[in-house]
Every structure is written in C-alpha cells, then in structure tokens.
Amino acid sequence: MRLLLAEDEKALSSALQVILKHNNYSVDAVYNGQDAYDYIMAGVYDGVILDVMMPKMDGWQVCREVRGYSEVPIIMLTARSDERDEL
C-alpha cells in the first residue's frame, strides 16, 4: 500500500515514516501543503495522511482541492484540541 505523508515537522514525519514502513507501507513524505497537493495529483496513492497546519497550503485546503478530482482516503492529523477541529 502506497501512502503520502504530509507533515511539516520533520522529526514527527521521520518517526511516522519509520512506523509506517515497519508495517510494510510504502511512504512518500512531503513537508508543505503545496507539495502534498502536487504529489497527490501526480501520483497514485492508496491513502494520504495530512497535517492540518502546514506552510503554503493547510491540510484542509489540500483536502478540499483534492476532493474535486479524487476520492483517495485522507486521514487528517492535528495537534489542535478544539472540538470544532476534531469534528
């Protein structure tokens, strides 16, 4: 299974990549929303993990743009704890 991981904190991204690869996922990692959008539109992914707060484009904006073209499963990551953000 091929995943795209979009997380701007490189230490967290590296840790997530290790975990995912250990569980037999193929992972491409990017560090900003614009790259995430470009990779999703150019590549074939079985799933996407998007950080909410990223430079260039936030995760919500990437998700909205991608949904116009693709129904790839997307998991949103956030450190925010507001109930509205969780929903």
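The accessible surface of the protein comes to about 5600 Å² (Shrake-Rupley method, 1.4 Å probe), and carbon and sulfur atoms account for 49% of this surface. The model is predicted: local features need pLDDT of at least 70, side-chain atom pairs count only at pLDDT 80 or more, and totals for chains, interfaces and linings use all residues. Residues are numbered from 1 along each chain as its sequence is written, and side-chain values use heavy atoms, with hydrogens and water left out.

The protein contains four helices and four strands, taken as DSSP runs (H or I, at least four residues, for helices; E, at least two, for strands) and numbered from the N terminus. Along the sequence they follow the pattern β-α-β-α-β-α-β-α. The four strands form an open sheet in the order β2-β1-β3-β4, with parallel pairing; two strands pair if DSSP finds at least two bridges between them. At the edges are β2 (26-30) and β4 (74-77), each pairing on one side only. Four bridges join β3 to β4, and Val-48 has Ile-74 in β4 as its bridge partner.

Of the 87 residues, 36% are buried, meaning under 20% relative accessible area (1.4 Å probe, protein chains only). The largest nonpolar core has 16 residues, including Leu-4, Val-48, Leu-50 and Ile-74; such a core is a set of buried Ala, Val, Leu, Ile, Met, Phe, Trp, Tyr and Cys residues joined through side-chain atoms within 4.5 Å. Two or more residues each come from β1 (2-6), α2 (33-42), β3 (47-51) and α3 (59-67). Apart from this core lies another, of five residues, among them Leu-5 and Ile-49.

Methods:
Buried < 20%, exposed > 50% of the residue type's maximum accessible area, 1.4 Å probe, protein only.
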